[in-house]
Amino acid sequence: MTTLMMILGIVVFAVGLLFSIAWHELGHLSTAKLFGIRVPQYMVGFGPTIFSRKKGDTEYGVKAIPLGGYIRMIGMFPPGPDGRIEARSTSPWRGMIEDARAQSFEELLPGDEDRLFYKRKPWKRVIVMFAGPFMNLILAVAIFLGVMMSFGVQTQTTTVGKVSDCVIEQSESRSECQKGDTAAPAKAAGLQGGDKIVAFDGEKVTDWSALQADIRANPGKDVALTVERDGKRVDLSAHLIRNQVSKTDGDGGYVEGKYVYAGFLGFTPASGIVQQSFGQSVDRMGDMMQNGVESLIALPSKIPALWDAAFSDGEREADSPMGVVGAARVGGEVFTLDIPPENQIAMMLFLVAGFNLSLFLFNMLPLLPLDGGHIAGALWESLRRAAAKVLRRPDPGPFDVAKLMPVAYVVAGIFICFTILVLIADVVNPVRIS
């Protein structure tokens with residue numbers, strides 16, 4: 001049964017992956033057609049074609065390897081200075097440029113002269129190239145908000161999980177009380193596991209982060225607590241003391257190895273699935289976006305640990321880069337967890353949403369052959385033409401993005417090597433969930 005559920009989870013993730021890729025390419029396709037650019041092909045996947053059908057002047061199809069997708073647009077690069085588009089140089093670097101230029105015109109048909117990508121105004125090209133990643137962002141936001149507002153997210157609550165017996169400084173490497181330790185204020189006040197704190201010092205509380213901040217801000221103060229216990233409200237009084245506690249990141253999380261002295265009550269909050277308001281969901285989305293950008297920037301620094309995890313006995317970190325194979329494996333594990341089905345569905349949706357958010361951020365890097373590289377080329381062309389107009393100089397014409405193809409090959413080579421490294425790590429030392 002476990003194996004069957006694992007396979008089912010992988011299949012569900014694969015379907016979500018294929019939909020995300022198709023959704024991305026639909027953004028490029030729809031805007032390209034909107035601006036009159038001819039699109040000969042719309043394909044989901046790479047390799048041999050499994051299925052295809054031609055409608056209008058576009059062939060739609062699915063290929064065997066579901067690791068990406070593409071659309072082909074006529075005239076992605078402008079002709080060379082002499083107006084020719086065929087390869088004509090023995091230089092390997094020049095050959096790359098002219099091969100790319102020739103390929104962008106190889107399906108040129110009579111009447112296509114005004115349906116070329118490079119002939120569109122820079123702002124239209126920016127829209128066409130941005131539309132793909134933007135579709136992934138829309139999908140990610142829709143899934144995240146939908147799940148958080150309807151189902152909820154696992155979060156710390158104002159319900160008491162466990163009451164501490166005594167006061168122990170956070171940096172001490174012990175959990176057992178010793179003779180002479182002071183009783184924890186929560187214990188002395190009569191707080192019990194399962195109590196839900198609904199008011200602190202006369203003020204209503206519903207959020208753990210706010211309650212935590214209030215406790216820490218009032219060392220040495222006598223405070224009134226109102227809790228719900230067995231369906232009834234009980235009023236308690238506690239004397240907060242000053243103690244060494246873990247430093248927080250401002251969102252209720254803790255900064256490992258960092259400590260501060262603050263007010264201390266002495267209990268561990270229980271966690272649970274809590275529905276989020278629209279505002280709370282938007283805040284969490286903002287945090288996710290920020291974390292995604294920071295993770296992308298930190299990606300090169302994670303390569304040594306990833307190498308150790310793949311080729312030695314290094315531990316695979318929980319935030320280690322993960323590829324499609326690793327994500328599919330996690331998707332399979334989600335369906336094997338001993339949790340309610342609705343939790344499994346929510347986790348799978350979060351996984352697909354996270355994949356789409358990563359696609360958006362990654363594709364926005366201003367590097368060819370990524371969408372962000374073409375966007376950067378169009379913006380540079382617009383800037384050059386605007387500058388020429390202001391300075392009353394001749395129009396410099398389209399920016400020849402094809403000249404950057406040698407750089408694109410280098411970038412693609414780096415990406416391929418990184419993908420292979422992640423693939424090996426995902427197979428031999430995968431990220432696991434619990």
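A salt bridge is a side-chain nitrogen of Lys or Arg within 4 Å of a carboxyl oxygen of Asp or Glu. This is a predicted model: local features need pLDDT of at least 70, side-chain atom pairs count only at pLDDT 80 or more, and totals for chains, interfaces and linings use all residues. Residues are numbered from 1 along each chain as its sequence is written, and side-chain values use heavy atoms, with hydrogens and water left out.

**View A. Salt bridge between Arg233 and Glu228.** The two side chains meet at 3.7 Å, N to O. Arg233 is exposed, at 60% relative accessibility. Glu228 is partly exposed, at 32%. Buried means under 20% relative accessible area, exposed over 50%, and partly exposed in between (1.4 Å probe, protein chains only).

**View B. Salt bridge between Asp195 and Arg229.** The N to O distance is 2.7 Å. Asp195 sits in the loop between helix H4 (185-189) and strand E4 (196-200), and Arg229 in strand E6 (residues 222-229), so the pair ties together parts 34 residues apart in sequence. Helices (H or I, at least four residues) and strands (E, at least two) are DSSP runs, numbered from the N terminus. Asp195 is buried, at 1% relative accessibility. Arg229 is buried too, at 18%.

**View C. Salt-bridge network of Arg125, Glu381, Arg385 and Asp395.** Within it, Arg385 and Glu381 meet at 3.1 Å, N to O. They are four residues apart in helix H10, which means a separation of about one helical turn. Glu381 is buried, at 1% relative accessibility. Arg385 is partly exposed, at 28%. The whole structure has 10 salt bridges.

**View D. The largest cavity, about 70 Å³ in volume.** A search of the whole structure finds one cavity of 30 Å³ or more. On a 1 Å grid over the protein atoms alone, a cavity is a set of points where a 1.4 Å probe fits but cannot get out; lining residues have an atom within 4 Å of a point. Among the lining residues are Met76, Phe117, Arg125, His374 and Phe399. Helix H3 (122-150) and helix H10 (371-390) each give two or more residues to the lining.

**View E. Nonpolar surface patch of Val325, Leu423, Val427 and Val428.** Its area is about 320 Å². Patches are made of residues with over 30% relative accessible area and no salt bridge; nonpolar side chains (Val, Leu, Ile, Met, Phe, Trp, Tyr) are joined within 5 Å. Helix H11 (residues 405-428) gives the most, with three residues. Val325 is found in helix H8 (residues 324-334). Val325 is partly exposed, at 39% relative accessibility.

Technical notes:
Patch = residues over 30% accessible without salt bridge, like charges linked within 9 Å, V, L, I, M, F, W, Y side chains within 5 Å. Areas by Shrake-Rupley, 256 points an atom, 1.4 Å probe, with all protein chains shown as cover. 1 Å grid on protein atoms, 1.4 Å probe; cavity = no way out; pocket = protein on both sides within 12 Å on 5 of 7 lines; lining within 4 Å. Points joined across faces, edges and corners; volume = space filled by probe spheres on them.
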